[in-house]
Amino acid sequence: MALEDTHQRLQKRLFRLTDEIGSNFHIAIESNKITNGLVMQLEQALKQYSNIRLVVIDTLQKIRKQSNDINYSADYGEISLLKAFADKNKIAIILVHHLRKQDDSDVFNKISGTTGIMGSSDTTFILEKKSRDDSVATLFVTGRDVEYQTFTLRFEECRWNLLERSFQKELEMKNAPEIIYKVISFINKNGKWQGSATELLNALEEKDITPQYLTKVLNEYSKTILSDNQISFATSRTSSSRLVTLEKDIVEALEEGSKNDISIYDNVINDNDDAKNI
């Protein structure tokens with residue numbers, strides 16, 4: 001559903017993409033609104049073309065009623081109508097929507113409207129370029145059933161070609177502050193450390209980081225990067241200060257050693273059994 005285009009413009013684009021259009025490809029340039037007959041139109045289309053598995057609607061704003069009242073309930077309710085239709089008929093619906101112009105550290109906060117749009121969708125994709133004329137863009141993906149990931153793409157000959165793919169853990173490691181890796185190296189060398197955040201910064205010879213920031217970062221990455229490196233993190237209070245405890249987890253090493261001991265013991269038993277048999 002190319003609701004911002006004309007048949008002539010779509011024809012030109014299709015000729016650039018392919019010499020032959022499949023019989024299961026259908027185009028519409030007009031439709032009713034979500035709350036005023038769109039679902040019925042989609043049901044009629046499915047009856048007429050039973051092999052439809054994907055519906056692309058460009059754009060979301062063209063199928064919404066005009067209103068200055070922007071609220072979570074309205075956004076969530078309208079998208080939920082389309083989601084219910086897709087679930088019922090076992091098809092996928094892609095809604096193309098615009099981003100806000102304001103910058104934000106969380107790219108998903110740039111979606112125009114309230115969080116009800118993203119909250120009612122199964123999966124959200126955001127394609128973002130650094131500048132309008134840039135041929136390289138990043139596709140951000142998150143959802144109920146997919147792991148957060150990014151795709152670096154280049155637009156060439158009317159197609160987006162994959163350059164790089166990164167998953168959540170890789171992205172977290174790439175974006176983690178350098179101080180985290182200094183702490184990991186320090187604990188790997190010393191095994192355990194306890195003291196105030198200020199004392200830890202002195203031990204690391206870090207002068208450009210505040211104790212508050214260090215504690216925040218350690219807490220933020222305690223369940224991910226620190227845990228992946230078998231380092232536990234905890235805080236506690238004394239009468240005079242707040243203590244930070246970092247310790248290398250040696251349980252896995254002990255378990256590995258135990259497995260080796262069991263293997264040696266089994267060999268001894270087997271050797272004794274062989275001796276008896278002889």
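A: A residue is called buried under 20% relative accessible area, exposed over 50%, and partly exposed in between (1.4 Å probe, protein chains only). The model is predicted, so local features need pLDDT of at least 70 and side-chain atom pairs count only at pLDDT 80 or more, whereas totals for chains, interfaces and linings use all residues. Residues are numbered from 1 along each chain as its sequence is written, and side-chain values use heavy atoms, with hydrogens and water left out.

A salt bridge is here a side-chain nitrogen of Lys or Arg within 4 Å of a carboxyl oxygen of Asp or Glu. The structure holds 11 of these contacts. Helices (H or I, at least four residues) and strands (E, at least two) are DSSP runs, numbered from the N terminus.

One of the salt bridges joins Lys83 and Asp87, whose closest N and O atoms are 2.8 Å apart. Both residues belong to helix H3, which covers residues 72-89, and they are separated by four residues, or about one turn of the helix. Lys83 has a relative accessibility of 24% and therefore counts as partly exposed. Asp87 is also partly exposed, because its relative accessible area is 43%.

A further salt bridge connects Arg144 with Asp122, and here the closest N and O atoms are 2.6 Å apart. Arg144 lies in the loop between strand E4 (136-143) and strand E5 (149-156), while Asp122 lies in the loop between helix H4 (116-119) and strand E3 (123-129), so the pair ties together parts that are 22 residues apart in sequence. With a relative accessible area of 45%, Arg144 is partly exposed. Asp122, at 31% relative accessibility, counts as partly exposed.

Another salt bridge is formed by Lys182 and Glu206, with the closest N and O atoms 2.4 Å apart. Lys182 is located in helix H6 (residues 178-190) and Glu206 in the loop between helix H7 (197-203) and helix H8 (211-220), so this pair ties together parts that are 24 residues apart in sequence.
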